[in-house]
Amino acid sequence: MLKDFRVLSGLTIAVLLAGGCRSAEEYEAERFSKVPQAIEKITNGKVLPEGTVLTLQDCMRMAIENNRDLRVYEQKQKVAKEKIYAEVMGMLPDLTVTNDITGRNNTPASSSENVTGGTGGTYSASQSSDRNVNNLKVEMALSALDFGLSYLNAAQAEDYSLIEDQQLRRAKQNLMLDVVRTYYRVAATQDAIETTNALLEKCKQVEVALEDLAQNRTLSPLRLSDEAKRFYRLEKQLMEYRRNYNNACIELRALMGYLPISDIKVDTSLIKNMQIKELPDINLLEKIALTQRPELYQLDIQTNIMVNESRKTLLMMFPNVKAFVDWNNSNNSFLYHQSWWEIGAVAAYNLLKLPQNIYRYRAQREQVNEIDERTLALSIGVMSQVRIAHANIIEVKEQFELDDKIAQKFAMHAKMARESYKAGGALTQLELDRLELEAAEAEIDRMLSLSNYYVAYQRLINAVGVDNIDPETVGLLEKKIAEAEAKEHALSEREKQAIANVQNSVKDNGQVMFKGVVVGENTLSPEMRDRLNALVPQEEADAAL
């Protein structure tokens, strides 16, 4: 039997080791095999119909539904919730079933002799157990220390789940900011991309014209060099616009969970004219940010996790009391009772672990203080982000007003130049082309500035930590903040009044008053005093004192 067990154990270990060891070539082959699967999962059922024009709300909705990074956070959230149940199950008592089967090749017997020098004792061998014995034991045990630790572990697991909720909420907020930023980059250059391509072709024609002028020596070398520099700069700028547009299209599709290609069309009606956004008071926005930012919630939850960790350390300073009950059964024919119950308790205490737990507890309390300092530091950072984002909106708005003015001027100049050229004025084709290119560049800059304004507004929303800052949402949060401040003010006033009452109760002569009566003075009437003295003899009262 023992030999068979050894053979079975060896085979099991060999199978486990063989299955757990993999070579670099196997990992490489697996990676190659996963490529078609990954592409199929990305493209499966996610094809935009041809000619689809997406609004900003469509892009946000698709990003929430399909973004892979967001799916990772959602999966982490599910894992954290499952860990809560795992820790709760840890509070159950231990239930162990043990079945021992032993066999010998000879008879288990023993003898004894008297060690005190007497004549008693067993001088021949005696048997008290069969050769083959089967012992069955069912034991249930509950450790008070393990139960307490499991309870605190469950509380910490729930806190970790709440942290994952806040991380998921922040990931959605950051995703919305990325979608808005990329959407407006696409919208700002989408309408102008065809014009840009046409202007790039015109730049190539101008380059040929400049070469002809250089060969014919129609213009001076200095004038020719200046004109060439202007056109080359415009051509480079237009190529930059086209590259940014393609990159933005690819990024927007990737954020929406689609195959990252540049085939996408968005609604550009939002950037035709500026829609001024009303901004709440900056001080109110700071308070809202301090109540809504997920990062601050995470630190608050982390504080409670560390407090529970210190409580676990306190539990480890107490002895471990373990209560158990078990049922035993044995087929040993020599036993008087072959089945029986046992109940008992065991207490154990490791004294030399106490100093370590004391210092560990002190370190954990300092970690709580560290998290408090981190919370204050992050609060300052959050307030700074809100103020920077608020100031950025104002600055971007002024930048748009300037670019809008420049675009109108350039458009007017280009229109006047075309009319003059058609009327046979002194303006050359080269100068007309340059003015049209500069007007197109100014119009693209204007649309980019307008898109930057909307992105700056979304960045402010992201800095505050809310989904929007419309009057209804801001009003509701302002009401909650006012209620919390009122409660805090009332609590502070009660504390001040209590301190004032204590201070006012002390007279100049050092006597302490309570409700107008000097503490220690007997204010009972003589009749009541005599009745109380009759209940307690004077000798017993003196003895008690």
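Ala-248 counts as buried because its relative accessibility is 0%; buried means under 20% relative accessible area, exposed over 50% and partly exposed in between, with a 1.4 Å probe and protein chains only. The residue belongs to helix 6, residues 221-255; helices (H or I, at least four residues) and strands (E, at least two) are DSSP runs, numbered from the N terminus. This is a predicted model, in which local features need pLDDT of at least 70 and side-chain atom pairs count only at pLDDT 80 or more, while totals for chains, interfaces and linings use all residues. Residues are numbered from 1 along each chain as its sequence is written, and side-chain values use heavy atoms, with hydrogens and water left out.

Tyr-183 forms one aromatic cluster with Tyr-184, Tyr-453 and Tyr-454. Three aromatic pairs are found in a search of the whole structure, where rings of Phe, Tyr and Trp (its six-membered ring) pair if their centres lie within 6.5 Å. A ring also figures at Tyr-73, where the charged end of Lys-76 sits over the ring, 5.4 Å from its centre; the criterion is NZ of Lys or CZ of Arg within 6 Å of the ring centre and within 35 degrees of the ring normal.

Helix 7 covers residues 282-292, and its buried residues include Ile-282, Leu-285, Ile-288 and Gln-292. Gln-292 and Leu-477 are 185 residues apart along the chain, and their C-alpha atoms are separated by 9.3 Å. Leu-477 lies in helix 11, residues 471-504, and is buried, with a relative accessible area of 11%.

How do helix 8 and helix 9 pack? Helix 8 (residues 294-316) and helix 9 (residues 354-422) meet at an angle of about 170°, with their axes 9 Å apart. The two are therefore roughly antiparallel, a term for angles over 145 degrees. Their contact has 10 nonpolar, nine polar and seven charged residues.

Lys-137, in strand 5 (residues 132-143), counts as partly exposed because its relative accessibility is 30%. Lys-137 and Asn-329 are 192 residues apart in sequence, and 6.4 Å apart in space, C-alpha to C-alpha.

Notes
Axes fitted to C-alpha atoms, helices over the stretch in contact; angles between N-to-C directions. Parallel < 35°, antiparallel > 145°, perpendicular 65-115°, else oblique. Nonpolar A, V, L, I, M, F, W, Y, C, P; charged D, E, K, R; others polar. Phe/Tyr/Trp six-rings, centres within 6.5 Å; stacked < 30°, edge-to-face > 60°.
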